[in-house]
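Trainee: I have a structure open and would like to go through its contacts. Can we take it step by step?

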Amino acid sequence: MRIAVCMKAVVDPQAHIELDAEGRLRAENLSYEVNEYDLYAVEEAIRLADASEGEVTAITVGTAGAVQGLRKGLAMGAETAIHVDCDADRLDAHATAALLAAALAEGNFNLVMAGVESDDVGASQVGGLLAEALGFASTTLVVGTSRVADGKMTVRRELEGGDHAQVEIELPAVLTIQSGINEPRYPSLRGIMAAKRKELRVVTPTDLGVSDEAMAPRVETLRLAPPAARERARIIEGTASEAAAELVRILRHEEKVL
Amino acid sequence: MNRSAWIIAEHQEGQLHRGAAELATAARAVGDETVAVVCAGVGSEVAAQVAPFVDRVLLVEDEALAGYTAGGYTHAIVALANAHSPAAILLSHAPLGRDLGPILAARLATGMISDCLALEWEDGLVGTRSVYRRKLVSRERVLAAGPAIATVQRGAFLAASPADAAPVERADGALQGFSARTRLVSIDHAAPSEEDITDAKIVVAGGRGLGDAGQFPLVQELAKAIGGVMAASRPVVDQGWVPHDRQVGSSGRTVRPQLYVAVGVSGAIQHIVGMRESDVIVAINKDAQAPIFEYAHYGIVDDLFKVVPALIEALQAE
């Protein structure tokens with residue numbers, strides 16, 4: 001089985017975010033890291049490939065900073081990687097999916113996997129858009145997979161309130177992977193060394209034959225702004241024991257909930 | 001010209017999801033006419049259930065639509081959208097909408113805005129959403145010519161009040177030519193819990209700030225000292241420290257206790273939607289910027305490993 005995993009470099013979720021005078025992200029202090037959800041997808045892909053003598057290809061759309069994610073994917077156990085060299089922050093979900101589809105179209109993949117969303121803008125659109133661009137079936141929020149039989153697999157999909165759906169899906173398919181499905185492995189030293197010798201192919205949108213027209217945005221960002229200030233909690237000051245005692249007093253005598 | 005805003009009615013096992021009434025309010029904000037599209041199995045009562053919230057109902061009834069699959073819904077909705085040209089199609093940012101929205105956007109060659117907190121029509125569909133873990137708010141507009149698509153955050157809009165039931169128009173031909181690539185095998189319900197956190201008057205929830213599994217008993221001790229039940233946020237459950245029936249949030253339980261104490265919980269929106277209606281909310285977190293403090297009534301900004309033992313001591317002092 002041939003499996004591709006989409007990985008994204010996201011702005012460090014812990015980063016302090018600032019805007020410049022034009023309301024754009026102030027880029028100079030930002031660091032990027034691999035989208036955590038994508039690591040669940042990489043782990044699940046490797047497990048499925050191991051069970052079927054398959055092979056995993058990691059792919060990313062991004063600038064040079066996105067390559068560290070691919071290296072991590074290779075170190076975890078992917079065999080090859082594709083870096084679509086393009087500033088992902090300037091693309092909308094449709095353009096990102098168009099590039100991924102062009103890069104994956106010739107690969108004879110049975111499965112394409114990705115994190116359920118990115119931990120930056122988190123639109124959770126690329127999976128479905130990519131499936132349509134490739135002509136694949138798709139499903140989202142996957143928290144369990146079965147082995148493939150007769151060109152189909154059954155996946156466990158997260159619903160709300162603790163419910164789940166068992167969905168049978170024909171391959172080829174795109175699955176977006178929810179956290180908790182597995183415990184992503186830490187790359188071993190051997191894996192990290194081996195990753196350096198694995199193939200990492202760099203392609204541009206032009207190489208892929210994806211025109212500017214095909215990447216034309218379907219959604220525009222009008223404005224980025226800090227959120228309107230909400231009424232914040234009344235912060236109880238003092239040492240830990242002073243604050244704790246004061247909190248208990250408030251809950252007992254003012255709020256009367258104890 | 002009439003600007004028609006559609007909502008896709010979500011239902012499970014014959015019951016309309018209450019989110020449909022919230023979507024109806026969102027649709028009212030962008031269209032002069034609101035239409036609910038119901039894809040359902042034969043004999044379903046979902047069309048009648050959604051009719052009091054909208055101006056019109058379009059019903060596609062077919063056994064293939066008895067449970068949600070992306071393929072069946074897409075086929076039917078695309079056929080209807082091509083026939084009626086709505087200005088916008090709105091879905092909940094929930095398992096159905098997150099699955100279906102992008103596929104509809106691709107098939108209709110249009111754009112989509114996800115997880116909207118507000119919607120308006122201004123030379124196109126304009127949505128407001130949170131990005132970068134709610135550190136920024138982004139205002140976005142769909143540029144494409146086809147029906148604009150948006151998913152709406154649960155709870156962002158007030159539920160519409162029911163009015164006179166709208167007429168239901170049948171559109172059974174919409175599924176013609178459909179062949180399924182996905183099939184709903186079954187829906188597994190959450191197992192009943194030994195102790196139901198949704199019934200508790202006091203809930204103490206631990207989050208990622210606990211660090212590792214070995215620290216979680218601290219939350220249990222606090223729950224015991226304060227007379228409440230122990231709960232957790234998603235990362236803690238994902239790690240397997242506590243069972244899923246303790247999870248508070250969109251993929252877990254929704255609780256409304258008299259007192260909710262969040263320990264080391266940062267306040268991801270998926271958690272907030274499950275606890276924000278609690279009467280009194282207390283947050284203990286060392287990060288003063290954590291979004292949980294925007295929802296809490298009282299906060300202590302300090303190391304939870306100092307505060308929680310002190311709190312247990314203070315509770316036991318009397």
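This is a predicted model: local features need pLDDT of at least 70, side-chain atom pairs count only at pLDDT 80 or more; totals for chains, interfaces and linings use all residues.

Trainee: Are α5(B) and α8(B) roughly parallel or roughly antiparallel to each other?

Mentor: Their axes lie 9 Å apart, and the helices pack at an angle of about 20°. Angles under 35 degrees count as roughly parallel. The two helices, α5(B) and α8(B), are therefore roughly parallel.

Trainee: Which element gives the most to the side of chain B that touches chain A?

Mentor: The contact involves 70 residues of chain B and 66 residues of chain A. Several elements of chain B each supply at least two residues, including β7 (112-116), β10 (136-142) and α8 (304-316). With 8 residues, the element that gives the most is α4(B).

Trainee: Which residue is the bridge partner of A:Glu168 in β13(B)?

Mentor: Look at strand β9 of chain A, residues 164-170. It pairs with β13(B) in the antiparallel sense over 6 bridges. There, the partner of A:Glu168 is B:Arg183.

Trainee: Which residue takes a positive phi in the hairpin of β8(B) and β9(B)?

Mentor: Strands β8 (118-121) and β9 (125-131) of chain B pair in the antiparallel sense over 4 bridges. B:Trp121 stands opposite B:Leu125. Between the strands are 3 residues, and the one with a positive phi near 55° is B:Asp123.

Technical notes. Residues are numbered from 1 along each chain as its sequence is written. Chains are lettered from A and ligands numbered from 1 in the order in which they are written. Two strands pair if DSSP finds at least two bridges between them. Two residues are in contact if their C-beta atoms, placed from the backbone, lie within 7 Å. Axes are lines fitted to C-alpha atoms, for helices over the stretch in contact, and angles run from 0 to 180 degrees between N-to-C directions. Angles under 35 degrees count as roughly parallel, over 145 as roughly antiparallel, 65 to 115 as roughly perpendicular and the rest as oblique.
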